[in-house]
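Subject: Structure handover

Hello,

Here is the structure I promised to pass on. Please open it alongside this note.

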Amino acid sequence: MSYDLFLKSETAPLTAAQFESYFSARPHYTFNEDQAFYENEDTGVYFVFEYTPDEESTVAFNLNYFRPHFFGLEAAPEVEAFVSAFNLSIDDPQNDGMGEGPFSVDGFLRGWNAGNQFGYRAILSQDEQPETHVYPTAQLERTWRWNLNRNALQDQAGDMIFVPRYMFFKGSTQARSAVVWPDACPVYLPKADVVIVIRDELSTGGEREITVVEWSAIESVVQAFPLDETHGHFRLDYEVTPDSVAQSIRSLPVIPHDPENGLANAHVLNAELVQENTSTG
């Protein structure tokens with residue numbers, strides 16, 4: 001069950017060499033025969049462009065449904081850039097899609113969101129429903145935007161400051177966001193439900209310790225540092241770890257980390273969509 005577009009040139013047919021050359025120059029793409037597969041390890045978003053060597057040299061775009069809404073947000077500029085680079089027209093057969101003609105981001109997102117909601121409804125109305133893990137849409141988008149821009153922020157921060165990636169873990173009522181903070185190192189730390197604290201140099205027992213603590217357990221420590229309101233993180237920027245920070249991190253109890261509770265970002269669904277389409281299913 002997926003969102004499908006068909007792209008073709010209105011002038012000279014797109015060649016396989018042009019297709020491969022274009023996507024080879026863009027980040028997050030790998031090739032498998034005639035497919036350009038996009039996968040962003042930071043955000044969990046993936047989709048595929050497939051070249052068909054027929055008379056019209058059609059390129060098919062495929063994006064799975066029953067995914068968090070930000071899949072469409074990340075895919076839209078990639079499709080737009082490809083269409084613009086080769087002056088392509090589209091065939092969008094979705095019920096709420098763009099039809100045949102020019103591409104637009106608004107039209108793409110309208111069709112994707114309608115189709116994705118249909119995917120939620122179809123899957124959640126089955127007799128045997130899959131296990132679902134949800135997170136509120138606004139917070140889900142905030143974590144996605146952080147992950148999407150994480151590499152750029154890391155480049156800006158330099159090698160001496162750590163910029164963590166948002167991850168998710170299973171929770172009792174909904175998924176829980178998490179970030180890693182190793183050894184109280186200098187860090188740009190966004191707020192998360194839990195923090196995975198790694199203690200090597202700050203270990204209390206001589207060996208590596210990993211503890212998973214609630215944000216409230218470190219809140220008083222990080223709030224002593226500046227808040228970057230533009231990017232939404234605390235700037236713990238120091239050359240030597242302050243004694244007060246080191247002591248606070250050492251004093252945290254060891255709460256075991258269970259990697260089996262980890263969730264792929266792609267499998268954390270919009271809470272509102274799940275609720276709406278479960279109740280109407």
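Below is what I found in it.

First, the ground rules. This is a predicted model: local features need pLDDT of at least 70, side-chain atom pairs count only at pLDDT 80 or more, and totals for chains, interfaces and linings use all residues. Residues are numbered from 1 along each chain as its sequence is written, and side-chain values use heavy atoms, with hydrogens and water left out.

**Helix H5**
Helices (H or I, at least four residues) and strands (E, at least two) are DSSP runs, numbered from the N terminus. H5 spans residues 215-222, and its buried residues are Trp215, Ile218, Val221 and Val222. They cover an arc of only 115 degrees around the axis, so they sit on the same side of H5. That arc is taken from the directions from the helix axis to the C-beta atoms. Buried means under 20% relative accessible area, exposed over 50%, partly exposed in between (1.4 Å probe, protein chains only). Exposed Ser216 and Ser220 lie on the face turned away from the buried side. The buried residues pack against several elements, including strand E10 (176-182) and helix H6 (243-250).

**Val45**
Val45 lies in the loop between strand E3 (35-39) and strand E4 (46-51). It counts as buried because its relative accessibility is 0%. Leaving aside neighbours within four places in sequence, Val45 contacts Tyr38, Glu39, Asn40, Phe70, Phe71, Glu74 and Trp144. Contact means heavy atoms within 4.5 Å.

**H2 and H4**
Phe70, Leu73 and Glu74 of H2 meet Leu140, Glu141, Trp144, Arg145 and Leu148 of H4.

Best wishes
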